[in-house]
Amino acid sequence: MTEKIAVLGAGKIGEALLGGMRRGGRAPEDLLATCRRAERAAELRARHGIEVVSNAEAAKTADTLILAVKPQDMGALLEELTPHTPGDRLVISTAAGITTRFVEERLSPGTPVVRAMPNTPALVDEAMSVLSAGSHAGEEHLAHAEAIFNSVGKTIRLPESQQDAATALSGSGPAYFYFLVEAMTDAGILLGLPRDKAHDLIVQAAYGASVMLRDSGEHPVRLREAVTSPGGTTINAIRELEKHGVRAAFLAALEAARDRSRALAAGGDGPVPGDRPR
């Protein structure tokens, strides 16, 4: 008997999951999607050969429901799904800050829920997805969620109490990298390099460093020290970074992201304590 998986809210991450599952061998007839706009539905049908249905139809038909909507839309979606979702469905939420308890309380008693936090490299099959089981989800549910999210990268399991920290570190992590590349590109231009050449130099350096960090098994401090010669260029740059508090800024930034994830979980839609107007 084939299993149907529905992605509700097939935006960028949702479509990335659909594409990953198709590349992993799932037949188009085993996948469903939902979206708000007719033109978006037409795009999904054309690209993936899948059926696009209503949220209610997806809940009635699919064995696994992946809720890939924004956090502020989750309450309304669950209210729509509740009358149509049997308690034996596996429900996976990818919305930042939304707890498994929030989802469980709005669905049939005993519904297995898994919380997942992928990041945008899912678009190129290089995501890191963090999975946490709800109170009714067992090993088989986590294993099934892993199979889905492994189609677009890697997965790791963490207790849900650590999801807000993982969201700050991994879910938002690509944005910090892009911010750093932007700043280093500007520095390259300041130093006299053309923008495109500065960009290429930085991206390849970052890629090579990432592969070394992943494959060598060395601590990042050891790898950094291997580039840092006494009295050389690198140590002078590191001194300036330390002088300007870059390490402390990263610590504060990730704490702010974690706190925002907690605020979303609490239903907050305004600034969290410590936020400054921008």
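This is a predicted model: local features need pLDDT of at least 70, side-chain atom pairs count only at pLDDT 80 or more; totals for chains, interfaces and linings use all residues.

Reply: By class, the residues lining the second largest pocket split into 22 nonpolar, 13 polar and eight charged. The space in this pocket comes to about 1,100 Å³. It is lined by 43 residues, and the ones closest to its centre are Gly-9, Gly-11, Ala-68, Val-69 and Lys-70.

Now for the helices. At least two lining residues come from each of α1, α4 (74-81), α7 (163-171), α8 (173-190) and α12 (246-265). The biggest share is from α12, which puts six residues into the lining of the second largest pocket.

Let's follow α1 from here. Helix α1 (residues 12-23) packs with helix α2 (residues 38-48), their axes 11 Å apart and at an angle of about 20°. Angles under 35 degrees count as roughly parallel, so that's what α1 is to α2. The crossing of α1 past α2 is right-handed.

Who actually touches whom? On the α1 side, the contact is made by Glu-15, Leu-18, Gly-19 and Arg-22, while α2 brings Arg-40, Leu-44, Arg-47 and His-48. Sorted by class, this contact between α1 and α2 holds four charged residues, two polar and two nonpolar. If you're clicking through the model, α1 links the two views: it supplies at least two residues to the pocket lining, and it also packs with α2.

Key
Residues are numbered from 1 along each chain as its sequence is written. Side-chain values use heavy atoms; hydrogens and water are left out. Axes are lines fitted to C-alpha atoms, for helices over the stretch in contact, and angles run from 0 to 180 degrees between N-to-C directions. Helices (H or I, at least four residues) and strands (E, at least two) are DSSP runs, numbered from the N terminus. Angles under 35 degrees count as roughly parallel, over 145 as roughly antiparallel, 65 to 115 as roughly perpendicular and the rest as oblique. A crossing is left-handed if the near helix is turned anticlockwise from the far one by less than a right angle, and right-handed if clockwise. Contact means heavy atoms within 4.5 Å. Ala, Val, Leu, Ile, Met, Phe, Trp, Tyr, Cys and Pro count as nonpolar, Asp, Glu, Lys and Arg as charged, and the others, Gly among them, as polar. On a 1 Å grid over the protein atoms alone, a cavity is a set of points where a 1.4 Å probe fits but cannot get out, and a pocket is an open set with protein on both sides within 12 Å along at least five of seven lines; lining residues have an atom within 4 Å of a point. Grid points are joined across faces, edges and corners, and a volume is the space filled by probe spheres set on the points.
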